[in-house]
Amino acid sequence: MGEYPGYPEEFWESIEKVEETRERRLKEVYRRITPEEKEELLRKWHPDYRPEGKRKLRIGPNKGDSVPNEVADLLEAHALINPDEISLEEVDYDVDILIIGGGGAGASAALWANYSGVPADRILIATKLRFGDANTKMAQGGIQAADRPNDSPVLHFIDVIGGGHFANKPELVRALVEDALRIIKWHEELGVMYDKDEEGNFIELSGGGTCRKRLHAAKDYTGLEIMRVLMDEVLNKEIPILEFSPAVELLMDDKGQVAGAVLVNLETKEYLVVRAKATILATGGFGRLHIQGFPTTNHYGATMDGVVMAYRIGAHLVDMDSVQYHPTGAAYPEQIVGQLVTEKVRGLGAQLVNAEGEQFIYPLEPRDVVASAIIRECYGRNKGIITPTGMRGVWLDSPMIEIIHGEGTIKRYLAAMYRQFKRFGIDITKEPILVFPTLHYMNGGVEINVYAQALYPNGDPIPGLFAAGEVTGGVHGKNRLMGNSLLDVNVFGRRAGISAARHVKHASIGKLTLNHVKRWEEMLKKEGIKTDRRAPILLPDYRGPRVLSRAINIGI
Amino acid sequence: MRMSQAKTTVKQPKMKMVTIYVMGKKYEVPEGLTILKALEYVGYRLIRGVGCRAGFCGACATVYRFKDDYKLYTGLACQTTVKDGMYLVMIPFVPAKKPVYDIEKLKPDASTVISIFPELTRCVACNTCTKSCPQEIQVMDAVQEILRGNLEKAAHMVFDCIACGICSMRCPAEIVHYHVFQLVRRLYGKYIAKKSKHLEDKLKALEEGAFKEELDKLVTAGPSVWKRLYESREIEK
């Protein structure tokens with residue numbers, strides 16, 4: 001540490017301007033833009049509005065809907081397995097509940113299924129990498145819940161549905177904001193170490209698009225702290241976990257129910273058959289698809305597997321046209337480009353300023369608005385800073401935090417951010433952070449109801465299939481607010497666990513089948529879709545171009 | 001605006017290469033890459049030793065040495081930049097059993113922690129754990145605080161632990177610090193930190209139906225009402 005030079009020479013002229021304007025800006029509040037201005041800004045500059053980034057789906061329940069090309073590529077792909085090569089006669093795991101995904105939603109579902117009476121050894125968590133390897137662990141800023149005296153679930157509801165451009169499913173929003181209080185209480189009982197004041201009340205901050213200070217945090221390791229407590233509790237309950245074993249296809253039975261999944265051991269490539277009375281999808285989102293070439297804040301495993309598998313059995317998707325770009329991804333240094341710079345930095349008072357040291361947007365507008373304003377500043381007005389690798393970015397003036405809240409605030413509340421940049425010679429208590437939007441969240445996904453049941457296009461529940469967390473859509477509409485995804489995974493993970501526990505009391509599974517995969521292949525043929533792609537892809541491939549172009553298959 | 005296109009519009013300076021040794025095997029990689037990206041650059045498609053890629057998950061613990069330097073260095077592959085002459089290996093897994101306990105039945109004191117992790121008393125205060133921590137946690141001091149019964153202080157000291165396990169592999173007393181620390185943080189969070197009165201009050205109001213009527217109306221109100229309410233919100237400073 002300390003051996004890296006920090007910002008290059010050519011940045012300093014601009015950094016000095018940021019320093020010169022800082023004192024004046026401390027008193028300056030940038031105006032909130034009008035609804036009309038917002039709409040125009042989004043239409044002109046948000047990547048979702050670029051028509052060439054999308055195409056219409058040619059197959060499946062959402063045929064005709066416009067989605068990002070990278071999403072369409074996977075939804076229109078062949079299956080990863082050949083049903084004729086899989087024997088369903090031999091069942092490797094026969095359980096009541098299979099949970100696919102070991103992040104916040106999966107862990108929460110497992111615990112609540114267990115609390116609801118399903119014995120630990122009748123549950124199985126299957127996860128692609130290690131248990132807990134998920135975006136949940138990387139969430140920094142916080143989790144929303146309306147518990148302060150001047151706040152209420154009603155205000156939280158209005159913030160969520162306004163932030164989502166009124167496209168959310170209102171009953172899901174209601175579940176989110178009501179359960180929020182129950183979830184924080186549950187966490188308190190489990191021993192999650194939230195930031196608290198001397199009386200024991202939570203220290204809460206504003207987030208983008210919230211009308212009250214409602215963000216509960218555990219420094220800037222909020223997701224890590226929640227996730228590791230949930231993991232500890234799952235391990236204490238001795239709920240079985242299969243690591244490095246992602247699902248590659250859902251199983252159905254001859255009665256048309258979802259009946260488990262085919263997993264693959266990533267290290268030995270052996271397939272495993274899991275029969276389950278209820279299956280919970282908790283597989284997360286799609287950051288690693290790098291929509292429109294953007295870098296991402298997401299975990300290595302965020303490859304949209306759950307959406308692909310659910311789509312093949314006829315699940316309806318909602319808002320898949322909508323992608324969240326987090327306004328403040330690191331734009332420098334190259335080693336950490338795209339990594340998250342938490343919204344909490346703005347929540348604590350840091351402004352966004354251009355190369356001239358001037359503000360151009362109120363820093364706590366909703367995420368899609370701020371992201372669009374940054375893109376406009378860099379590419380429309382040419383007032384960004386250009387890095388040695390050709391990236392552009394604007395300044396997030398973090399030293400303001402130390403002036404507003406006192407010296408030491410950053411080290412105390414933004415320990416992860418401070419450490420992240422210090423590793424590369426940048427002291428964010430003294431120097432601003434260069435940022436540019438980064439691919440952050442899958443706003444849409446598998447449609448669910450308030451019981452976390454996955455739905456067909458006609459609104460009927462898919463028997464035996466539940467879903468929770470980022471893999472689902474409808475909760476956040478077209479734009480998720482900060483602090484609502486940690487909440488989402490807990491609220492709907494819990495609901496999925498409780499619903500699945502109720503379901504398995506009466507469910508019985510018939511003969512297992514992969515006929516839906518055969519039907520899918522026939523549909524591809526019928527629609528005239530020709531492709532070599534197979535999905536789910538499970539992991540991205542970042543191998544260098546030289547080695548990829550020279551790799552040969554030697555069968556070992 | 002397409003990021004990859006944006007990059008190609010600017011002339012790239014010629015890459016300077018450095019030599020690294022991956023488990024003894026020599027490779028040339030561009031200067032400035034993290035160890036993780038360097039491994040991918042030379043052709044590894046990782047399953048183990050990779051996770052969040054952002055310093056939060058502890059999957060990519062790595063140890064390395066340089067020629068003619070006795071010292072064993074440690075770091076996270078996703079956060080450590082390659083240096084010329086680096087001999088490295090990832091240690092993506094630590095064999096360590098997590099003891100099972102019922103948090104509801106524990107007392108927040110040193111004897112609880114020691115009864116679950118008796119090896120804690122074997123700490124010889126060598127400080128190797130602290131020196132190896134990529135999060136710069138005062139690991140040994142925290143162990144000593146726990147032994148003294150100061151769980152509150154210890155819980156805060158070890159808050160930034162990402163459970164990479166490097167300390168536990170270096171420890172001559174065979175302590176599995178990250179499991180110990182998890183217990184200590186939970187004991188603090190559950191028993192020592194005060195409970196929130198605000199939360200309790202609001203939760204009581206919710207369960208008594210204080211928001212029911214308004215939410216019933218809101219859910220069915222439709223976009224025009226939501227829009228009006230959203231645009232007329234009073235925003236707390």
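Biologist: In what order do the three strands of the open sheet in chain A lie?
Modeller: In this predicted model, three strands of chain A form an open sheet with antiparallel pairing. E6 (143-144) and E7 (204-205) stand at the edges with a single partner strand each, so one side of each has no neighbour in the sheet. The order is E6-E8-E7.

Biologist: Is strand E4 of chain A mostly covered or mostly open, and how many of its eight residues are buried?
Modeller: A residue counts as buried if 20 or more other C-beta atoms lie within 10 Å of its own. By that cut-off strand E4 (residues 93-100) of chain A is mostly covered, and the number of buried residues among its eight is six.

Biologist: Over how many bridges does E4(A) pair with E12(A), and what is the bridge partner of Tyr93(A)?
Modeller: Strand E12 (residues 271-281) of chain A pairs with E4(A) in the parallel sense, over seven bridges. The partner of Tyr93(A) in E12(A) is Val274(A).

Biologist: What is the hand of the β-α-β crossover from E4(A) to E5(A)?
Modeller: E4(A) also pairs in the parallel sense with strand E5 (residues 123-126) of chain A, over four bridges. In that pairing Ile100(A) stands opposite Ala126(A). Between E4(A) and E5(A) the chain passes through helix H4 (residues 104-115) of chain A, and the crossover is right-handed.

Biologist: Why is chain B described as more spread out than a compact globule?
Modeller: Chain B has 11 helices and five strands. For its 237 residues the globule rule gives 18 Å, and the radius of gyration is well over that, so chain B is more spread out than a compact globule, at 25 Å.

Biologist: What box do the C-alpha atoms of chain B fill?
Modeller: Buried residues make up 40% of the 237 residues in chain B. Among its contacts between residues at least 6 apart in sequence, 61% join residues at least 24 apart. Taken along the principal axes, the C-alpha atoms fill a box of roughly 70 × 60 × 30 Å.

Biologist: What distance separates the centres of the two domains of chain B?
Modeller: Chain B is divided into domain 1 (16-90) and domain 2 (103-192). Taken over C-alpha atoms, the separation between their centres is 28 Å.

Biologist: Which strand gives the largest share of the side of domain 1 of chain B that touches domain 2 of chain B?
Modeller: Seven residues of domain 1 of chain B are in contact with seven residues of domain 2 of chain B. By class, the domain 1 side has four nonpolar, three polar and no charged residues. The largest share, three residues, comes from strand E4 (residues 73-76) of chain B.

Biologist: Which helix gives the most to the side of chain B that touches chain A?
Modeller: The contact takes 68 residues from chain B and 77 residues from chain A. Helices that each supply at least two residues of the chain B side include H1 (3-8), H2 (35-42) and H8 (177-192). With seven residues, the helix that gives the most is H8(B).

Biologist: How many residues of the side of chain B that touches chain A are nonpolar?
Modeller: That side of chain B is split by class, with 21 charged and 13 polar residues. The nonpolar residues number 34.

How values were computed:
Residues are numbered from 1 along each chain as its sequence is written. Chains are lettered from A and ligands numbered from 1 in the order in which they are written. This is a predicted model: local features need pLDDT of at least 70, side-chain atom pairs count only at pLDDT 80 or more; totals for chains, interfaces and linings use all residues. A residue is buried if 20 or more other C-beta atoms lie within 10 Å of its own, exposed if 12 or fewer, and partly exposed in between; C-beta atoms are placed from the backbone. Two strands pair if DSSP finds at least two bridges between them. A crossover is right-handed if, with the strands pointing away from the viewer, the path from the first strand over the helix to the second runs clockwise. Domain bounds come from an automatic or database domain assignment. Two residues are in contact if their C-beta atoms, placed from the backbone, lie within 7 Å. Ala, Val, Leu, Ile, Met, Phe, Trp, Tyr, Cys and Pro count as nonpolar, Asp, Glu, Lys and Arg as charged, and the others, Gly among them, as polar. The radius of gyration is taken over C-alpha atoms; the globule rule is 2.2 Å times the number of residues to the power 0.38.
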